[in-house]
Every structure is written in C-alpha cells, then in structure tokens.
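Welcome! Here is a short briefing to read alongside the sequence and the 3D view.

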Amino acid sequence: MIMNGLVYLTDVVTLELDKEKCNGCGMCMIVCPHAVFEIENRKALIRNKNLCMECGACEKNCPEEAIHVRSGVGCAAGIINGLLRGTEPTCDCSGPGSNCC
Amino acid sequence: MEKGFIVGQTITSSGTFPVVSTLWSNHDRWNTIKVRWSIGRMRYTVEPGIYGVGTPDENSRVFVTANFKLSFDHLRRALNGINAWILVLNTRGINVWCAAGKGTFGTKELVKRIRAHKLENVVSHRKLIVPQFGAVGVAAHEVKKLTGFSVIYGPVLARDIKPFLDAGMKATQEMRRVEFPLKERMKLIPVEIMNGGYWALLVPLAFFIISGLQSMDYSIGRAVSKGSIAVINLFAAYLSGCALTPILLPWIPFRRFALKGLVTGLGISAILFFTGFLGCTVPENISWLLMLAAISSFMAMNFTGTSTFTSLSGVQKEMKLALPLQIIAAGLGLIGWIVTRFI
Ligand code: SF4
Ligand code: SF4
C-alpha cells in the first residue's frame with residue numbers, strides 16, 4: 001500500500017472532506033498524485049491521509065467544493081523565503097531549470 | 001528562443017502553425033544536461049502557442065504543456081508516431097509542476113490561450129489532455145464552463161502517454177501516482193548541488209584563508225595544510241546533505257528530512273574523523289562535528305523542496321524545531337573553530 005517507504009510526517013495534514021457535498025464524480029481520485037482518495041458507494045473517502053502532500057489539486061478540481069486543504073509548497077527554502085519577506089511560503093523558481101517547490 | 005526543432009508548418013482554417021520534430025537533436029540533449037546542472041542560467045523557453053506533431057488535422061488530440069523547453073521536449077518526444085496538436089501555455093519558462101503551484105499554469109492562462117488561438121477552429125472536438133500535475137492550477141470544471149473544452153488529465157509522466165491513449169485515455173493507478181525512485185532523485189541532485197551558488201565557494205574560501213591563522217601568527221603553509229582539510233570537511237558536509245541524503249532517502253531512519261541529514265552528517269563526520277580529516281584537537285573536532293551536522297541537516301531539509309511527497313504542514317512542523325537548532329549548532333561550531341585559531 002505504501003510505496004517506497006516514503007511517508008512524510010504523520011498527523012499534520014490539513015485535508016478535509018465534506019461528504020455531504022460530494023457527488024461521487026471521482027475527480028479527486030483522478031488528480032491526486034498520492035492515491036489519497038477512494039470512491040465507495042458513490043462517495044469520496046480519504047483513504048491515506050498521511051500520504052497527502054497538500055498540493056491542492058483535489059480542492060481545485062472538486063466541482064462541489066467538498067474538499068478543503070491548506071495547500072502550498074512543502075519546501076524548506078520556500079518557507080524561509082516567506083519568513084524573510086513576511087509573506088506566505090513561496091518558492092523562488094525564477095531559475096529556468098529549477099526543479100524546486 | 002529555440003527554433004531548431006521546427007521541421008515544417010501546417011495550414012488550418014484558423015491559421016498556419018509550426019510542426020515540430022518528435023526526436024531530440026544533440027543540441028536538445030546537450031541543453032538538457034546544461035539545464036539540469038543549471039549551467040548558463042539561460043531562459044530555456046519556447047514560444048507559447050499551437051504546434052503540430054506529425055500531420056495533425058481537426059480530429060487530432062490536443063496536448064497542453066508549459067513553455068519550459070524541457071517540458072515541451074519530453075512531450076513532443078512522447079508523441080513520436082502520433083498526429084497531434086500541442087498547446088503551449090506561457091508559464092514564463094517554468095515547468096508544469098512549479099507553474100501550476102504558482103498558478104501560471106492555470107485555468108486563466110489556459111482559457112486565455114484557447115481563445116487567443118481560436119482552438120475551436122483548429123479542432124472539431126472539444127477535449128484537451130492536460131498533464132495530471134497541471135491539476136494543481138487548472139480547474140477542469142471551470143475550463144469546461146468558460147470554453148466548452150473538457151479537460152482530461154493525462155498521466156504524470158510523458159512516457160506513459162502512448163499506453164494512456166491505447167487504453168482509451170484512461171490512466172492506470174500507477175500512471176497517476178508520483179513515485180520518487182532512485183533514478184528520479186539522482187536526476188535532481190545536480191540542481192541541489194548548484195543551489196548553494198557562490199556561497200558554496202565563498203564560505204570554503206573564507207575557511208581556507210582563516211586556517212592560516214594560529215595564535216596571532218599567519219602562515220600560508222598552514223592555510224594550505226589546514227585549509228584544505230577545512231575545505232574538504234565543508235564540501236563533505238554539503239554533499240552529505242544535498243547528494244547522499246537524497247540518494248539514501250528511503251533507507252535512512254526517521255521521517256524528518258532534517259534528522260535524515262543529521263544521520264548522514266554524523267556518519268560522514270565519523271568517516272572524516274577516522275581518516276584523519278576533521279580537526280586535530282578535541283575542541284576542533286567538536287566544532288567541526290557541530291558545523292558538519294548543521295550543514296548536512298540544513299541541506300537535507302532543503303531537499304523537501306524537490307521531493308514529491310512532503311506537505312507544507314509537515315515541513316513547517318519540522319522546521320520550527322530544526323532551523324533554530326541548526327543555526328545554534330553552526331554558530332557554536334563556528335565560534336569554537338575560530339577560538340581554536342587563537343589558542
Ligand atoms: S471531486 Fe468532489 S464531488 Fe467529486 S468525488 Fe471528489 S469530493 Fe466528491
Ligand atoms: S492535496 Fe494533493 S496530495 Fe493531498 S489529497 Fe489533494 S490531490 Fe492528493
């Protein structure tokens with residue numbers, strides 16, 4: 001179930017799902033890069049919360065606004081950047097070849 | 001702006017579009033290496049707009065990508081043997097993943113491009129294939145509402161595009177998941193190493209110069225003998241954090257990257273100690289240990305930015321504790337080391 005043994009810190013993820021609003025379209029399952037969601041009985045369900053990297057793709061693509069997650073760059077440099085500038089964590093991907101964020 | 005990959009043009013009722021090669025030239029290959037190693041810091045972009053691959057017509061599929069040349073190159077190579085259209089968004093030369101996080105690869109830009117190039121006249125169908133990573137910035141239902149085009153999220157990796165098409169535009173679980181295997185981690189190490197920039201040269205240089213100092217007496221010979229050891233210690237710690245830790249990532253205990261970096265940093269320090277590097281006296285050894293541990297831990301923590309599974313909440317949590325400790329350790333180590341120059 002957990003690939004590569006690559007799991008990050010547990011019990012910190014801010015992902016939330018409002019089952020009442022969900023229409024079972026399955027979009028969240030399609031866009032999630034870590035297979036966090038599953039569809040059961042025409043409703044989405046959070047299966048692997050700890051695998052969530054808070055990218056925000058599910059929230060963005062849920063047509064019913066049933067998902068909420070505090071999304072952002074899970075990146076130390078980005079957080080330091082934000083601290084220095086007094087802004088939200090932001091990565092500085094100005095370098096063209098940059099693979100950061 | 002690169003142009004060499006354009007091999008012809010195709011005329012449609014909505015205008016003439018360039019047709020691009022699906023093969024990489026040696027020039028493309030060399031530039032890919034340069035970009036991975038951040039050499040030259042050139043803007044590696046392609047002009048946003050519509051491109052053709054093969055002999056596309058109004059029924060051909062439309063693939064969306066970023067105007068970072070590597071993203072574009074991976075896509076056109078994956079489309080070898082297929083007749084298709086490529087819609088390149090203006091992400092200011094940034095790859096799909098980063099640009100989607102920033103919103104430049106997003107609903108707004110996609111809608112703008114569709115309208116600007118009158119995509120509805122280029123193709124008769126109403127489907128777009130967007131890389132799955134793009135979903136961070138693109139809201140499929142909004143694109144549909146605004147333009148009539150349905151967004152279909154393709155596989156994470158361009159090389160899975162053919163199997164994805166063969167399966168009737170269905171991605172398997174594996175194609176949807178982002179893995180972070182050794183090969184992928186190795187590819188990212190050059191960027192990590194170059195991340196230090198001038199600092200990675202200036203700091204060792206300062207250590208080298210200061211090494212000549214001993215009890216108010218300066219000698220070039222000492223700078224060379226002690227200084228080169230100092231430089232080796234520093235580079236070892238740097239590489240321990242930004243190369244060794246990423247390589248060994250799944251096999252190092254602990255989940256926090258700072259702790260992983262600490263483990264490799266201590267391991268490297270032990271190796272340096274037993275091979276006659278590090279310091280000569282006990283205070284010197286302790287100072288180096290503190291600095292090496294801090295550097296390795298800090299660099300490893302920075303790899304959270306490159307990894308594909310760390311969450312913002314998680315990184316914030318680990319940094320809250322790790323960053324002050326890293327600064328204290330590095331500070332104490334530095335003070336200790338400078339003091340040993342005078343006793
Ligand atoms: S995208 Fe939203 S509505 Fe669709 S299944 Fe997921 S939670 Fe439910
Ligand atoms: S935020 Fe990203 S990783 Fe987390 S559940 Fe949503 S799509 Fe998956």
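In this predicted model, strand 3 of chain B pairs with strand 5 (residues 84-89) of chain B in the antiparallel sense, over five bridges. Strand 3 of chain B also has a parallel partner, strand 2 (residues 15-20) of chain B, joined to it by two bridges. The points below begin with these strands and then move on to other topics.

**Strands of chain B**

- Strand 3 of chain B covers residues 49-53, and five of its five residues are buried, so the strand is mostly covered.
- In the antiparallel pairing, Tyr51(B) stands opposite Ile86(B) of strand 5.
- Towards strand 2, which runs parallel to strand 3, Val53(B) has Val20(B) standing opposite.

**Domains of chain B**

- Where does the second largest pocket lie? Domain 1 and domain 2 of chain B both give residues to its lining, so the pocket lies between them.
- The volume of the second largest pocket is about 1,200 Å³.
- Its lining counts 40 residues, and the closest to the pocket centre are Phe133(B), Val156(B), Leu157(B), Ala158(B) and Glu184(B).
- Elements of chain B that each supply at least two lining residues include strand 4 (61-66), helix 3 (96-102), strand 6 (127-131), helix 8 (173-176) and helix 9 (182-195).
- Helix 2 (69-78) of chain B is also one of these elements, and with six residues it gives the largest share of the lining.
- Sorted by class, the lining of the second largest pocket holds 22 nonpolar, eight polar and ten charged residues.

**Chain A at a glance**

- Chain A has 101 residues, of which 50% count as buried.
- Three helices and four strands make up the elements of chain A, and from the N terminus on they run β-α-β-β-α-β-α.

**Ligands beside chain A**

- Which residues come nearest to ligand 1? Of the 14 residues around ligand 1, they are Cys22(A), Asn23(A), Cys25(A), Cys28(A) and Cys62(A).
- The shell around ligand 1 divides into ten nonpolar residues, three polar ones and one charged one.
- Around ligand 2 are residues of chain A that include the cysteines Cys32(A), Cys52(A), Cys55(A) and Cys58(A).
- Leu15(A), Pro33(A), Val36(A), Phe37(A), Met53(A), Glu54(A), Gly56(A) and Ala57(A) are also among the residues around ligand 2.
- By class, the shell around ligand 2 has ten nonpolar residues, one polar residue and one charged residue.

**Two residues with positive phi**

- Ala35(A) is not a glycine, yet its phi is positive, at about 50°.
- On the chain, Ala35(A) belongs to the loop between helix 1 (27-31) and strand 2 (37-40) of chain A.
- Is Ala35(A) buried or exposed? Ala35(A) has a relative accessible area of 6%, and because buried means under 20%, this residue is buried.
- Lys118(B), a residue other than glycine, also has a positive phi, near 50°.
- Lys118(B) sits in the loop between helix 4 (107-116) and helix 5 (119-122) of chain B.

Definitions and conventions
Residues are numbered from 1 along each chain as its sequence is written. Chains are lettered from A and ligands numbered from 1 in the order in which they are written. This is a predicted model: local features need pLDDT of at least 70, side-chain atom pairs count only at pLDDT 80 or more; totals for chains, interfaces and linings use all residues. Side-chain values use heavy atoms; hydrogens and water are left out. On a 1 Å grid over the protein atoms alone, a cavity is a set of points where a 1.4 Å probe fits but cannot get out, and a pocket is an open set with protein on both sides within 12 Å along at least five of seven lines; lining residues have an atom within 4 Å of a point. Grid points are joined across faces, edges and corners, and a volume is the space filled by probe spheres set on the points. Ala, Val, Leu, Ile, Met, Phe, Trp, Tyr, Cys and Pro count as nonpolar, Asp, Glu, Lys and Arg as charged, and the others, Gly among them, as polar. Domain bounds come from an automatic or database domain assignment. A residue is near a molecule or strand if one of its heavy atoms lies within 4 Å of it. Buried means under 20% relative accessible area, exposed over 50%, partly exposed in between (1.4 Å probe, protein chains only). Two strands pair if DSSP finds at least two bridges between them.
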